[in-house]
Amino acid sequence: MNTKVAVWVVRIAFFIVFAWNVMCAVQFICWPSAYIGAYQLQGGGAAAAIQGLGVAFLMWNATYPAFIWRPLRFKALGVVILVQQAIGLCGELFIASTLDASLQVLSQSIARFVGFDAIGLVIMAVAFHFLRKISSAASA
């Protein structure tokens with residue numbers, strides 16, 4: 001694999017995760033009532049809590065566009081994105097481990113995020129590893 005191919009593999013891998021996260025964010029912000037039940041929320045603040053999660057998703061993804069655009073120039077952002085993804089995954093696993101059996105619906109909702117974040121982390125980490133390896137070899 002040459003550097004140009006590695007750059008495009010990285011762009012595609014990171015864009016897939018970015019697009020999925022932004023799609024979730026938009027849905028949480030625009031249609032929070034569709035997700036209230038999945039998080040076992042109720043009351044007047046439930047929609048705002050879901051919307052807040054959507055806003056947090058957008059904030060989390062602010063680093064992606066520059067890295068997707070110029071992965072060789074912004075390698076540090078790639079590292080930040082991978083660390084953010086790992087923190088999210090670890091946090092989700094921790095939260096899931098603390099839930100009791102009465103929160104089965106919430107556990108299933110978190111499990112979907114764990115699955116996606118784990119797959120996304122692996123895909124992005126493998127692509128980033130090849131990019132670093134190839135770009136280091138090309139500059140040597």
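Analyst: Of the 140 residues in the chain, 35% are buried, where buried means under 20% relative accessible area, exposed over 50% and partly exposed in between (1.4 Å probe, protein chains only). The model is predicted: local features need pLDDT of at least 70, side-chain atom pairs count only at pLDDT 80 or more, and totals for chains, interfaces and linings use all residues. Residues are numbered from 1 along each chain as its sequence is written, and side-chain values use heavy atoms, with hydrogens and water left out.

User: Why is tryptophan 8 called exposed?

Analyst: Its relative accessible area is 53%. Exposed means over 50%, so tryptophan 8 is exposed. Tryptophan 8 lies in helix H1.

User: What makes Trp8, Ile12 and Ile16 a nonpolar surface patch?

Analyst: Patches are made of residues with over 30% relative accessible area and no salt bridge, and nonpolar side chains (Val, Leu, Ile, Met, Phe, Trp, Tyr) are joined within 5 Å. A salt bridge is a side-chain nitrogen of Lys or Arg within 4 Å of a carboxyl oxygen of Asp or Glu. Trp8, Ile12 and Ile16 form a patch of about 340 Å², with areas from the Shrake-Rupley method and a 1.4 Å probe.

User: How many helices and strands does the chain have?

Analyst: There are 5 helices and 0 strands. Helices (H or I, at least four residues) and strands (E, at least two) are DSSP runs, numbered from the N terminus. In order, the elements read α-α-α-α-α.

User: What makes a space a pocket, and what is the volume of the largest pocket?

Analyst: On a 1 Å grid over the protein atoms alone, a pocket is an open set of points with protein on both sides within 12 Å along at least five of seven lines. Lining residues have an atom within 4 Å of a point. The volume of the largest pocket is about 350 Å³, counted as the space filled by probe spheres set on the points. Its lining has 15 residues, and Tyr39, Leu53, Glu92, Ile95 and Phe113 are the closest to its centre. H2 gives the largest share of that lining, 6 residues.

User: Which classes of residue line the largest pocket?

Analyst: The lining has 12 nonpolar, 2 polar and 1 charged residues. Ala, Val, Leu, Ile, Met, Phe, Trp, Tyr, Cys and Pro count as nonpolar, Asp, Glu, Lys and Arg as charged, and the others, Gly among them, as polar.

User: Which helix gives the largest share of the lining of the second largest pocket?

Analyst: Helix H1 does, with 5 residues. The second largest pocket holds about 210 Å³ of space.

Methods
1 Å grid on protein atoms, 1.4 Å probe; cavity = no way out; pocket = protein on both sides within 12 Å on 5 of 7 lines; lining within 4 Å. Patch = residues over 30% accessible without salt bridge, like charges linked within 9 Å, V, L, I, M, F, W, Y side chains within 5 Å.
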